[in-house]
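The following note concerns the disulfides of the structure shown below. Please read the numbered points with the sequence to hand.

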Amino acid sequence: GAPPPPLVLLELLPLSARASAPVLLLTLLTDAVVTSSGDGDASDGDDSSPVNRNGQRITYLVSFPKSGRTWLRLLLGEVLNCQYELAAAGWRVLELSPLVRLTKDATFPDVRVDHAKGEMELVPFERWRLPRTFYNKQVLLLVRDPRDVFVSNWYEKKFRKLGLRAKTNHNRGYTADMRGGAAGVDADCSWMRKKQGLKHYLARFEYRDEPYCNETTLTCSCFHPDYTILDFMKEPLGGFDTVLHFPTFFYAQRAHYSRFMLVRYEDMFADRAGVLRRVLAFFDVRARRRCIDVALNATTFDAMREAEIAGRYGWRLTARNKNDTQTFKTRRGEVGAYREYFNTTVLQMLEMQMRQILPPEFGYATEDL
């Protein structure tokens, strides 16, 4: 069948027409072919095995971009590094996969971060298929209020998604106006036309490989200055619909996992210690109190902002422009900030989409608008 229709701004629909707006359904077809290429370790030959070659249980941490994945992986990296006395530092702690290589202890969890966004974010929904590597594995699905995810993803795509081929640190961060300079930074915007691309954007603006740069703010973006957050919302692939369908898809595949755990960003925000303990219990790891405290101290917003400015954890948590917090990974770290970006009409439209697509188990109740 045809993919769900793109999101239509409610300003274009009269109030009387909203109830009859098309219901967007997630289509899960088994004859599609989509494979995974996440940033975790590769499988050890047998994709069906629940453990790696050292007998360590494999868990996939999956989330849509901007759902708090970096925050959770740093929590896990710090506590596991301390608990197993690995003495790792910097990017190795955040990346997680290097920690697995430092120990053959069978109790150490092999956490692989993989959200298959390269195969799903700009691909029609009917072609989505669960990557074979997820079968018979533990899966930890991290979700966040999709409205906050969407706003955060807009800023990620606008200011951070520059396709930097050389992800090296610099005392000013990764600003694209340094392309070809001593820092070796080379911006590349080709991501937006991979797979089926950002259709609305590419239909309206001529594609260019180099970003648009503001010489005053030293901020660069692959997006044309006239492309707005509402334009991005309407993208049939990569827009708000995709934000909703992505976690719904992985949640619907629970029967294929050996074990499953749902973690919410909002719960981490309210009780990091409690969520961390529950995740460790899911891994069958009992961490010492000191190690939990180490992880909690390293993952406050202020601590992560300081680490980002210093580039302490490598390119994944390094500011693109240290003079502009909009380009930071630690941009705001709030719950419900989406309300500042949309009027009531748009918020009502987003709620309608959420009611039609999201599982109620995610717990994102709609508001009385």
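1. A disulfide is taken here as a pair of cysteine sulfur atoms within 2.5 Å. The model is a predicted one, in which local features need pLDDT of at least 70 and side-chain atom pairs count only at pLDDT 80 or more, while totals for chains, interfaces and linings use all residues. Residues are numbered from 1 along each chain as its sequence is written, and side-chain values use heavy atoms, with hydrogens and water left out.

2. By the disulfide rule, the count is two. One of them joins Cys82 to Cys291, with 2.2 Å between the sulfur atoms. The link of Cys82 and Cys291 is left-handed, at -70° about the S-S bond. Because Cys82 belongs to helix α2 (residues 69-83) and Cys291 to helix α12 (residues 289-298), the pair ties together parts that are 209 residues apart in sequence. Helices are DSSP runs of H or I with at least four residues, strands are runs of E with at least two, and both are numbered from the N terminus.

3. Cys189 lies in the loop between α6 (146-160) and α7 (199-204), and Cys222 in the loop between β5 (219-221) and α8 (229-233), so the pair ties together parts 33 residues apart in sequence.

4. Are these cysteines buried or exposed? Buried means under 20% relative accessible area, exposed over 50%, and partly exposed in between (1.4 Å probe, protein chains only). Cys82 is buried at 12%, and Cys291 is buried at 0%. Cys189 is buried at 0%, and Cys222 counts as buried at 2%.
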